[in-house]
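I opened the model today to look up a few residues and their surroundings. My notes follow in the order in which I went through them.

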Amino acid sequence: MAILNNHGGIYGKAGTVVYRRYRGMTVVQGRPGPRKKKSLSSKAAACEFGLASTTAAIIREALSVSHRELNDGGLVNRCNSAVYRSILASRDKERGSRDIHDGDVSYLEGLEFNIRSRFSDILKVKPEVYRNAQGQVTVKVPDIDGRRDIRAWVRQIEGGRYVLKFVLIAFNFREEFYEYVGIREVSFLRSSGQKATELVFDREIPPGCFLTLACSLTFERQSDIENKWESVNSLDFNPGTILATFPTEGEAEEGYGKRRIREALKAGKETG
C-alpha cells in the first residue's frame, strides 16, 4: 500500500508500481513480478552449459602451447560451442549427469584458433592423421612447396622458414588432469619446402583420456645479430587448428590423476 506523508511525499506499493524517494524526488518503478521457478530440465541445461564453459577453458589453456595466445577473441565462443555440442552428442546418459567423455569429441576437429588466418585456408595440402597398429597417433606430412602450397602475407618477405608444430594432448576431466603426450615439429626453408615425412607419437597414453592433436604454422626469420630463428607471427597471421581427436578409451582408477601429478612433480624436482 502506498502512503502519502505530511510533506506530500508518496512511498510504498500501489498496484503494479512502487513509489520511493531519491534525492528529494519521488521515483516510480514497476513492481517486480513473482520469480518463476526453473524446471529440472532448465537447471540441467544450465548446469551442462556451465560445465562446457569450464571444460573449454581448460582445453584452451592446454592449447596455448600451440596458439601462444595469438588468437582472435572469438576463440572462446567457438571452443565453448564445440565442447557443448560434444557433450550434447551423448545419448547414453541423462542431461546433467554426462560430461565430454560421454559425448563425441570429434566436434572439436577443425576448431580454428585464429579466423584472421585460418589454417584451412593457409595450408593447401593437409597432413593425414591416424593410429597405427600399436595404437600410436601418427601424422603423415605430405610434400610441401614453401612458395606454392602456403597462402600467406609473408610472400612480400624474402627468405625465412616455416615451422609446423604438432601437439598431442591427453585430457582426463574426471581425474582432473591433462598431459602433453608429445610435441613434434617440422621446419623447412620457404625456398626449398618439405619432403613427405611421417611423425609418430610413441609415448604412453594415460588411461581414461581422450586425445586432441593440434597443429600450428609459424613463419620465422633469422636474426643476424643473435644468429637464431625468431617468429614473426602476429594476431594477423597465426594459423592453427585441431587436426584430429580420438575418443576416451578405458577408465582410470579413482585417484589416478592426483597420483600421476605427484609423480611428475617428484620427477621434475629430481631432474631439476
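I count two residues as in contact when they have heavy atoms within 4.5 Å of each other. This is a predicted model, in which local features need pLDDT of at least 70 and side-chain atom pairs count only at pLDDT 80 or more, while totals for chains, interfaces and linings use all residues. Residues are numbered from 1 along each chain as its sequence is written, and side-chain values use heavy atoms, with hydrogens and water left out.

Entry on N80. I found N80 in helix α2, residues 75-88; helices (H or I, at least four residues) and strands (E, at least two) are DSSP runs numbered from the N terminus. Not counting residues up to four places away in sequence, N80 touches A52, S53, A56 and R60. I noted N80 as buried, because its relative accessible area is 13%, and buried means under 20%, exposed over 50% and partly exposed in between, with a 1.4 Å probe and protein chains only.

Entry on the whole chain. I read off four helices and 12 strands, and buried residues make up 39% of the 272 residues. Of the contacts with a separation of 6 or more, 67% are between residues 24 or more positions apart.

Entry on E179. This residue sits in strand β8, residues 177-189, and I list E179 as buried because its relative accessible area is 14%. The side chain of E179 makes a polar contact with the side chain of R203 at 3.2 Å; such a contact is a pair of N or O atoms within 3.5 Å, where within protein one must be able to donate a hydrogen and the other to accept it, and residues adjacent in sequence count only if both atoms are side-chain atoms. Leaving aside neighbours within four places in sequence, E179 is in contact with L168, I169, A170, R203, P206 and R260.

Entry on the cores. A nonpolar core is a set of buried Ala, Val, Leu, Ile, Met, Phe, Trp, Tyr and Cys residues joined through side-chain atoms within 4.5 Å. The largest has 31 residues, of which V141, I150, L164, F166 and L217 touch the most other members. Apart from this core lies another, of 22 residues, among them A52, L63, C79 and F113.

Entry on G240. I found G240 in strand β12, buried with a relative accessible area of 0%. G240 and G110 are 130 residues apart in sequence, yet 9.4 Å apart in space, C-alpha to C-alpha.
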